[in-house]
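My entries follow in the order in which I looked.

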Amino acid sequence: HRLRGLAPHGGPCWWADRPCPGFDGTTPERYLLTELVPWAEGRWRLGPRAVALAGVEMGGQGAVRLALKHPDRFPVAAS
């Protein structure tokens, strides 16, 4: 299926839009939206809404929450 995957280590941050150690002055949510997803879209030439989120435990909660909060960016989320 030629799927690509990224597995960023978020630590105990819940991927929320709140400051969290390890994210150099930004929030985990902002890092995902402004750094990681644009990098992946450019690196793999992905079209709009071509990124899905998945996670387990806290990452699963974060994936579903982010997809519900940003449905224009993430059409699919799995926990």
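I began with the sulfur of C13, whose closest cysteine sulfur, that of C20, is 4.3 Å away, too far for a bond. I took a disulfide to be a pair of cysteine sulfur atoms within 2.5 Å, and on that criterion the structure holds 0 disulfides. C20 is likewise in no disulfide. Both cysteines turned out to be buried, C13 with a relative accessible area of 8% and C20 with 13%; I use buried for under 20% relative accessible area, exposed for over 50% and partly exposed for what lies in between, with a 1.4 Å probe and protein chains only.

I note for the record that this is a predicted model, in which local features need pLDDT of at least 70 and side-chain atom pairs count only at pLDDT 80 or more, while totals for chains, interfaces and linings use all residues. Residues are numbered from 1 along each chain as its sequence is written, and side-chain values use heavy atoms, with hydrogens and water left out.

Next I went to the salt bridges, each being a side-chain nitrogen of Lys or Arg within 4 Å of a carboxyl oxygen of Asp or Glu. How many does the structure hold? I found 5 salt bridges, and a network of them links D17, E29, R30, R65 and K69. For helices I rely on DSSP runs of H or I with at least four residues, and for strands on runs of E with at least two, numbered from the N terminus.

R30 pairs with D17, the closest N and O atoms being 3.8 Å apart; this pair links distant parts of the chain, since R30 is in helix α1 and D17 in the segment before α1, 13 residues apart. Both partners are partly exposed, R30 at 32% relative accessible area and D17 at 36%. R30 also meets E29 in a salt bridge, at 3.8 Å from N to O.

Is E29 buried or exposed? E29 counts as buried, at 0% relative accessibility. Its side chain also meets that of R65 in a salt bridge of 3.4 Å, N to O. R65 lies in helix α2 and E29 in helix α1, so this pair ties together parts that are 36 residues apart in sequence. R65 itself counts as partly exposed, at 25%.

R43 sits in helix α1 and is exposed at 52%; its C-alpha atom is separated by 25 Å from that of L68, 25 residues away along the chain. R45 belongs to the loop between α1 (28–43) and β1 (53–54) and is exposed at 78%.

Finally I looked up phi angles, bearing in mind that most residues other than glycine have a negative phi. R45 has a positive value, near 50°, and E57 has one near 55°. E57 lies in the loop between β1 and α2 (58–69) and is exposed, with a relative accessible area of 74%.
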